[in-house]
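Please read it alongside the sequence and the coordinates.

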Amino acid sequence: MEKSILKDPGLYVMVSIGLLIMIFLPIMMDMFAIMQITQYVVLSVYALSLAYIWGYGGILSFGQSCFFGLGAYTFAVASINMGSTSLPFILAIIIPALFGVLLGYFMFYGRLSDVYLGVVTLVVTLIFWKLINHTAGPQYAIGDARLGGFNGIPSIPILNMPTANGQMMDPIQMFVTFMAILIMVYVGLRLLIASEFGRVSISIRENEVRSSLLGYDVRRHKVVVFSIGCGIAGMSGAMWATYQTFIDPNAFSLEMSAKALVWVMAGGVGTLAGPIIAVVILQWISLKLGQLNIINNFVLLGLILVPLVLILPKGLLPTVKQWSQDLWTIWKKNKANEGDTIIKESETVNAGRRK
Amino acid sequence: MSDQEILRTTGLTMRFGGVTAVNNVNFSIDHEGELRCLLGPNGAGKSTFFKCLTGQLVPTEGTITFMGEPIAGMDTHEIVNLGIGIKTQVPNLFNGLSAYDNVRLAAKRKHLKRQAIEKTFDMLSNCGIENLKGSEVGLLSHGQRQLIELAMVLAAEPTLVLLDEPAAGMTGEERDRLAFLVKEVTKTASVIVVEHDMAFIKQIAKNVTVFHRGEIFAEDDVKKIMKNKSVQEIYLGKSADAA
Amino acid sequence: MDYTIIIALEMLRAIAWLVLLSSGLAIIFGMMRVINIAHGEFLMLGGYTVIMASKIGINIWFAMLVLAPLVVGVFGILVERLVIRWLYGRLLDSLLATWGLSLLMIGGVTMLFGNTVEGVSTPLGGFSVGIYQVSAYNLVMIFAAISILLSVWAVLRYTSVGLIARSVMQNPDMAQALGVNSTFVYMATFGVGSALTGLAGGLIAPVTGVVPSMGINLIGPAFITVITGGASVVTGTLSASGFLGSVDQLITFGFGPVYGGAALLIAALIILRILPQGITGRFFTKKL
Amino acid sequence: MSKISRRKFLKSAAATGVAASSLSLPYAAYADDHAILVGGLHDLSGAIDFAGIPMNQVMALAVDEINANGGVLGKEVKQVVYDPQSNMSLYSQYATQMALKDKVAVVQGGITSASRETIRPIFHRFKTLYFYNTLYEGGVCDRNEISLGTTPAQTVEKLVPHVMDLFGKKVYTIAADYNYGQITAAWVKRYVEQNGGEVVETEFFPLDVTQFGATISKIQAAAPDMVMSVLVGTGHLGFYRQWAASGMKSKIPMASTTFGAAGSEPIIMTPEEANGIITCYGYYPTIDSPANKAWLEKVKAKYPDNTPILSELSECTWEGMMIWADAVNEAGSLEREKVLEVLESGKTYNMPSGQVSIDPLTHHAIRDVYIADLQNRVFEIKEKFSQVQPIDTQQVCNLKETPNANVHYEISLDG
């Protein structure tokens, strides 16, 4: 029964794919393509932050961009003031995580749940968005960093190499670093989900009342899960800021929050790989659309999204899994009918997560 | 057996808006191993009473003392960790997980990893549901779910076990198993059972408390209660005849 | 003294504004548990209806009060049949689908009508309170808000349609078991909610810039009002609009619009923290 | 009196360092068929497509015109168009794509300051010549960018005395709460005071505000002689409507440096709401010159059905293309350095908007500026000022002294 995460082939497949991309892409593709893909990597980390707290903690946040933005602005302000980038990058994880603890305490100890939880996160995000938009005047500066209001903060330093000489990363190095971060976040989350802590998270997602009746401190647990997600979102914000060398209040926008929801939903709630795939596909589509100029791109995006929900209600990855399992069953049956030896059924992967 | 008082409520009252669901209830379980049945028609306040005991509801007035410690107003998980376990009226399980995972999540509260797994298997076999261990519990029958929930409650080795209509939806065989289990439990813990099934009550209980309109109406030996005219009037009527 | 009257009037108008923006959404969310992210675009569609109608010479009042609700109501029913009905009980999928719908509507309206269309001016003039000039149209909006709330209340309270709607709202399965055709009720509810939204969109058309992207600024306040109000359509909308609108206006008068907007959000946050089910989740629970 | 705060931003020149040095630099912008590629980066969908679409249309027209006159260096010019969908991350991606992959010879575009500050460093880093054709708050100091739009000093300096003569000395300023609004409001205050007037109140509005009842009451309480509006965006359109609805429009006159900047507000607003608003821009379609009339004909001929709404934004896009083509032909090369040298030579161009030259010190346009009174959806030009200097940017930027600058200075005025 007890199946170790380390025996899950899916994990190794994903990590190998990730490592292959990390190593071979810089050799195979031109600089421009690498920079494009770097963007998908950053947004994938962002998508993972919501995929984790929603899919494995049952916490639906409509305000994930709040932490994304907080991370981005933390990094921007800290790195402009400090000159170096390593400490600001760490701060960009810690500060959103701490804010996540605060907000989580406010929400979960207020017994908010369901859609109300969503709305509170949304409202908090709107407050941030409003306030940061209001910082156009010269009086709004933290140290050397002007917050800039609607126009945002330009000229954010590029990440330094973590080595001693601390050189600025070139696009390839940035890609490799970010890819490594993505792989680490993915593996870290998989391990976390498979751990005892993760199992409790899932039990809370499944049945909050029963979890507390078993003596689990549901609220504290949720605060921890939430703040882990916030820390990851903050880190992705910092990656975004340094990738773009620019950040504006759109980082806090509802659109940014909605995107995270869309990626996770489209990729499949309760999976980690699904949202990453969704990021790549949907971002790629929107990029390609902008180059086509056939009809209004909002129309096209809408025409893609609406049927997507109707056709793939469970999201991309779970549906594809389901289909391939079905196909497998049919194929097996045919084989059996042909009188071949029955293929030993491969056990479905079920390491602590639900299909 | 120790003589420490297990549970005492004083003036326990729970109001929802204008409705008083539990009214000035003074109730006690005096010693370890006691098994008490709660009777009463639907809406008499039994389930609300349970919810107050487990901290799912914060009582409007009154005190609850468990093992000498006041627990009214504490959080559910804190109370549970003091040693109260509850099987709710409608089985409250992790529907997406297997029976094994369900019970193990409970066992983990008291035991370290390896012991927890042993405990889980013990409980599954004690409750006669070993064969269900891999099944997703959302897909099982009501009776099976009752047993799984019972296994979860017992896996955490509570001092006081609250069982809300445990026999509902069970086959005869399952019910016998349940009666046996409940008796086993009283060796190490006290038990409060809410039940309508008189045959089952007779099978397990000695002392009975009757709830009516949120108050304690009568409290006595099971045989005497069943002969009590006014109790029969408010509640037992048919069941008593049937029994 | 005049200034006090002006502030009071502005508060009423701000409240009416929130009622108009949110009542259609409240019906759809409160009764169907469907989050319509495209709500802002439904308002926009109402606005466009008025503009297009008055462009071809239709009386503006007729366009606002009849055509806008009609067009958006029919559009709503169409959307319900094509998209929403597959998503009942799937709150989040409905969110994703309606987000797609909102993009589709912004782009579609831009393609069909263009993003720069000639607006209509506010009917009625101004009137004066002491030295101050106030738009008479403010009174129209306040009156419209009151009428909408009253009629929704009366329909729910006194008609058999209202009873059916309430029963479905309380317990859809049970209502179905009693022979209520809940498919039809849902469709009708979405239609009515959309029509009210269309009416609101029509009514605000003369006082806002009607452009395809106008919904973005409107969905936030509408959504927050509905959630803060809680499950009861009429009392919830009224109490939340009343509270949030007053806070917003008072702070705006005192400290400026930035703080007014922020105060509205913070007020909503505090309410949700104290009353996690919205205002009517705790108080007025028996009200409609 | 004024102090220019030169806030020392970390230069994103940082960005030029390692990254660019490892790249081969794209100044030979030939496509496979040997046409010369030029990039157009304007929002064609989303919230500000009303501004982006006309700019893109005019750019296409300019490309046609250039090709009809024999192209550039004898080669055909081809437009590469991407739609950033009002989305900053797409802006940055497309900018990178144009610079690195398409290797375009020049890019015209960016509308909001945010979009410009997203793409400007990218073009600077990859040495792709960039024309920004929108009126903005001023202060960009980057030799790689030519900014053709007007800046606040150019318009406010002329508009304020004009309207103060007309209406009086007490001014109430309402402005959008962002850079452009804040800076323009500061210039308004400075020029009102220089002309012996007083700004009784300056109020800032977040861009999502749609309700202006409180402000309208406050303005009435303050009883100014005129209102100066620096409102922008779709939410703020509500102000003009609510202002007219309350009956105030006939009582307190209004001037603006933003109303109708992209040409759409006068159409969305009814004449009852918008008549009499005094504005000041570098271009109006109603300019009475042969050059402008001929240009309007060309636009009409190319877009008989979907004629774009013309404004300073679209006209400057035309200028951007024509000036670039002229400079390349004169330089005889696509090499950025040579083209920039021609652009810095101080040449004067005859454009539909009048005389335009490029200030070699700031790379901003020295241009004619007009004041117009809006009547029945038509800007009636009241006054023309020739060869107005971008003095705001000139205060902070000198590209002769610091040719490698890559900054957007915040121009702030104290007192």
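At roughly what angle do the axes of helix 3 and helix 4 of chain A cross? In this predicted model, the axes of helix 3 (residues 64-82) and helix 4 (residues 86-108) of chain A cross at roughly 145° and come within 8 Å.

**Helix packing in chain A**

- Helix 3 of chain A passes helix 4 of chain A in a right-handed crossing, and the residues that make this contact include Phe67(A), Leu70(A), Phe75(A) and Met82(A) on helix 3 of chain A, with Leu87(A), Phe89(A), Ile95(A) and Phe99(A) among those on helix 4 of chain A.
- Sorted by class, the contact of helix 3 of chain A with helix 4 of chain A has 13 nonpolar and 4 polar residues, and no charged residues.

**Which chains touch**

- Among the 4 pairs of chains that touch, chains A and D have the most contacts between them.
- No contact joins chain B and chain C, whose closest C-alpha atoms are 10 Å apart, and chain B does not touch chain D either, the nearest C-alpha atoms of those two chains lying 39 Å apart.

**The contact between chains C and D**

- Chain C gives 40 residues to this contact and chain D gives 38 residues, and on the side of chain C at least two residues each come from helix 1 (2-32), helix 4 (91-113), strand 2 (132-135), helix 10 (233-255) and helix 11 (257-274).
- Helix 1 of chain C supplies the largest share of the side of chain C that touches chain D, namely 6 residues.
- By class, the side of chain C that touches chain D comprises 18 nonpolar, 19 polar and 3 charged residues.

Definitions and conventions. Residues numbered from 1 in each chain as written. Chains lettered and ligands numbered in written order. Predicted model: local features only at pLDDT ≥ 70, side-chain atom pairs only at ≥ 80, totals over all residues. Axes fitted to C-alpha atoms, helices over the stretch in contact; angles between N-to-C directions. Helix = DSSP H or I, 4+ residues; strand = E, 2+ residues; numbered from the N terminus. Left-handed = near helix turned anticlockwise from the far one by under 90°. Contact = placed C-beta atoms within 7 Å. Nonpolar A, V, L, I, M, F, W, Y, C, P; charged D, E, K, R; others polar.
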